[in-house]
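Here are some notes for a colleague who is opening this entry for the first time. Please read them alongside the model.

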Amino acid sequence: METLVAVLVFALVAIILLAVGLTMKTERQIMLDRLRQYGRSSTSDAAMLSDNLMLPFWERVVRPMLTALGEIGAGMRLENAAHRLNAAGNPHAISPKEFVAIKRVCSVVGLALGIVLTRIGSMSILSTVAAALLGLALGAYVPEKWVTSKIAERKNDILKALPNTIDLLSVSIEAGLGLDGAIARIAEKTKGPLSEEFSLALKEMQVGMSKMDALRNMATRAQVPELSNFVAAVYQAEELGASLTDVIRIQGQVIRSRRRMRAREAAARLPVTMLFPLVFFIFPSIFIVVLAPGMIRMMHSAFFK
């Protein structure tokens, strides 16, 4: 058994070292080709390679490995991964290829752990196969769960900031600013995920994209229905020539009313949510505190007359 575990560990380490060696060689060749293309001297080549070696291990070795691994048979999964990472805000600047590679690495690690743990425990082959499949599924599930939690957290932050942001947008337009100027004021004066989305939309406008296209891209990235409805209302106001200030003010009122409705729904669900801790934790404690003295007196009077 120990021999099997040692063989698995040495095989995994050998594969990782081989992949690291191949990746470093590929990166070196790519850098030399680029330097020759731009006509740099050998001294410049050595300096650039030295700068590359000064990079952190994650940037120099791990990320190229993950990118190369994510390119293998990814297909349409890269587009889905890109949408999910954008909706999550991509806090660690992970590319879609790297995310696919991380899922694969986690799956392989879960598979190996399932096999090793069952073999150490001297379980049957059927149990080993079941544990390996379970580890494979859990390894792929963990990165997806992390992204899902980040998406939910980001959506919640955007919903909380949206009414006040729309009010600031309305006040800025009433003060004489255009839509792009009001967006710039929001990006300057506020913080959070919604401010980051407006900042990115403003950058897209500055490089030549139309205002409506930039706002639609923002709504697509955020994947928040209230923000999508706001962008659609602004688009209709721009197309029909309606008062943009009135439309934005009405949208702010609608979003605030929806937020109050969500708060009332959460308050209505609160008694049902509190039922479980009340029944299993609080009521038994209350019964013990209230009834225990009387039961002790009854037992004392019954047995010690």
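Which residues of the largest nonpolar core touch the most other members?

1. Leu169, Leu179 and Leu215 do, in a core of 32 residues. A nonpolar core here is a set of buried Ala, Val, Leu, Ile, Met, Phe, Trp, Tyr and Cys residues joined through side-chain atoms within 4.5 Å. H6, H7 (179-189), H8 (193-206), H9 (211-222), H10 (225-240) and H11 each supply at least two of its residues. A second, separate core has nine residues, among them Ala81, Ile94, Phe99 and Val147.

2. The model is predicted: local features need pLDDT of at least 70, side-chain atom pairs count only at pLDDT 80 or more, and totals for chains, interfaces and linings use all residues. Residues are numbered from 1 along each chain as its sequence is written, and side-chain values use heavy atoms, with hydrogens and water left out.

3. Beyond its neighbours within four places in sequence, Leu179 is in contact (heavy atoms within 4.5 Å) with residues including Leu169, Ile173, Leu215 and Leu244.

4. H5 (residues 96-120) packs against H6 (residues 125-174) at about 150 degrees, with the axes 7 Å apart. The two helices are therefore roughly antiparallel, a term for angles over 145 degrees. Their crossing is right-handed. Phe99 and Gly110 of H5 are among the residues making the contact, as are Ala131 and Val147 of H6.

5. Gln251 lies in H11 (residues 244-303). Its relative accessibility is 15%, so Gln251 counts as buried, the cut-off being under 20% relative accessible area with a 1.4 Å probe, protein chains only. Apart from neighbours within four places in sequence, Gln251 contacts Asn229, Phe230 and Ala233.

Conventions
Axes are lines fitted to C-alpha atoms, for helices over the stretch in contact, and angles run from 0 to 180 degrees between N-to-C directions. Helices (H or I, at least four residues) and strands (E, at least two) are DSSP runs, numbered from the N terminus. Angles under 35 degrees count as roughly parallel, over 145 as roughly antiparallel, 65 to 115 as roughly perpendicular and the rest as oblique. A crossing is left-handed if the near helix is turned anticlockwise from the far one by less than a right angle, and right-handed if clockwise. Buried means under 20% relative accessible area, exposed over 50%, partly exposed in between (1.4 Å probe, protein chains only).
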